[in-house]
Amino acid sequence: MSSVATQRPSTETTAPVTTARPAGRRLSRKHREWVAAALFLLPDGLGLFVFVVLPMFFSIVLSFFQVSGFGSYDWIGLGNYERMFNDPYFWSSMWVTAKYVVILVPVLFCVSLGLGILMKQKLPGMAAYRTALFLPYMLSLVVAGLLWKFMFDDQTGIANKVVGLFGVSPQSWLGDPSLALYAVILVTVWYMMGYYMIIFLAGLNEIPKEYYEAAKIDGAGSWTSFRKITWPLLRPTSFFVLIMTTVAAITGTFDLVYVLTSGGPANGTAVAMFYIYQQAFVFGEYGYASALGTFLVLIMVVLSWVIFKFTKGGRFDDGE
């Protein structure tokens with residue numbers, strides 16, 4: 001019996017070995033990427049919400065009140081907006097802003113694009129030239145304004161000495177209502193062109209060199225290469241620059257205007273942002289200034305939408 005028992009095949013089977021699964025459900029790779037992206041965007045998102053969204057919301061709410069500056073808030077509904085539409089000084093500042101934008105944006109766009117194309121050329125010393133052109137943007141707007149204010153001085157400024165070499169009589173660059181706005185535009189172009197030059201240069205460097213080599217083999221000249229290759233492939237960059245220069249022209253002019261001319265002479269450089277500053281911090285009309293600011297933001301939104309539609313958002317296709 002014992003021998004038979006020992007020869008009987010065993011019917012027992014070994015249980016399969018199972019690995020312990022972690023508790024809970026693991027996120028997929030796509031979800032982990034979304035979480036990582038959210039964590040990276042969270043600091044900027046919070047900053048944008050706290051320093052941009054909330055102030056804009058409170059500014060819109062404040063535009064429906066009459067604020068005395070001493071803590072009293074009186075609901076007046078659309079009273080500030082009715083006052084705005086009947087305020088000739090505000091519309092005068094809007095006209096000055098319109099002239100400023102219409103002149104500055106195309107000039108700054110063309111100068112920056114031209115410098116970007118020039119800086120892309122393989123010539124000696126280009127790195128030093130790029131640095132020199134970008135340096136003004138590293139300065140504070142106040143410092144740049146003070147520097148140019150000395151240069152535009154009627155008696156000792158270098159601007160009159162330079163034009164005097166060409167037989168032009170000395171000018172009151174910041175004291176003449178017909179010249180002051182153009183002087184501010186000149187300073188703005190000088191200050192911003194290096195920054196947008198770098199942006200255009202980045203866009204130009206993204207265009208494959210093979211396109212230009214093929215065009216050269218086909219006998220295309222510089223203008224044809226620019227028109228058929230450079231300009232179409234720069235649409236996304238051009239769209240970005242156009243939007244940014246327009247917004248900067250409307251909202252980023254206060255510092256230079258304040259330092260150079262303080263809105264004068266005869267309100268010739270009193271752009272809308274400077275007028276809003278006067279209403280808020282000189283006259284204490286915070287509710288009215290909020291209404292003006294809300295209206296200006298609405299104008300910028302409309303202009304951005306027009307630019308987006310006109311340029312088709314900088315797409316490569318024709319939007320069909």
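## Helices, contacts and a buried leucine

Visitor: How do α10 and α11 lie relative to each other?
Guide: In this predicted model, the axes of α10 (residues 222-233) and α11 (residues 235-251) come within 5 Å and cross at roughly 55°. Axes are lines fitted to C-alpha atoms, for helices over the stretch in contact, with angles from 0 to 180 degrees between N-to-C directions. Under 35 degrees counts as roughly parallel, over 145 as roughly antiparallel, 65 to 115 as roughly perpendicular, and the rest as oblique. So α10 and α11 are oblique.

Visitor: Which residues of α11 make the contact with α10?
Guide: Contact means heavy atoms within 4.5 Å. From α10 come Trp 231, Pro 232 and Leu 233. From α11 come Arg 235, Pro 236 and Ser 238.

Visitor: What kind of model is this?
Guide: Residues are numbered from 1 along each chain as its sequence is written, and side-chain values use heavy atoms, without hydrogens and water. Local features need pLDDT of at least 70, side-chain atom pairs count only at pLDDT 80 or more, and totals for chains, interfaces and linings use all residues, for this is a predicted model.

Visitor: How many helices and strands does the protein chain have?
Guide: Both are DSSP runs, numbered from the N terminus: helices are H or I with at least four residues, strands are E with at least two. The chain comes to 14 helices and two strands.

Visitor: Is Leu 260 buried or exposed?
Guide: Leu 260 sits in α12 (residues 254-260). Its contacts include Trp 148, Leu 174 and Val 187. Buried means under 20% relative accessible area, exposed over 50%, and partly exposed in between (1.4 Å probe, protein chains only). At 4%, Leu 260 is therefore buried.

Visitor: How far apart in space are Leu 260 and Val 142?
Guide: In sequence they are 118 residues apart. In space, C-alpha to C-alpha, the distance is 9.1 Å.

Visitor: Where does α2 bend?
Guide: α2 covers residues 29-62, and its end C-alpha atoms are 46 Å apart. A bend is the angle between axes fitted to the seven residues ending at a residue and the seven starting there. Here it is about 45°, with Pro 43 following within four residues. The bend is at Leu 42.

Visitor: Which helices do the buried residues of α5 pack against?
Guide: α5 (residues 126-138) has 13 residues. Its buried residues are Met 126, Leu 133 and Pro 136. They pack against α4 and α8.

Conventions: Expected span 1.5 Å × (residues − 1). Lists of a residue's contacts leave out its neighbours within four places in sequence.
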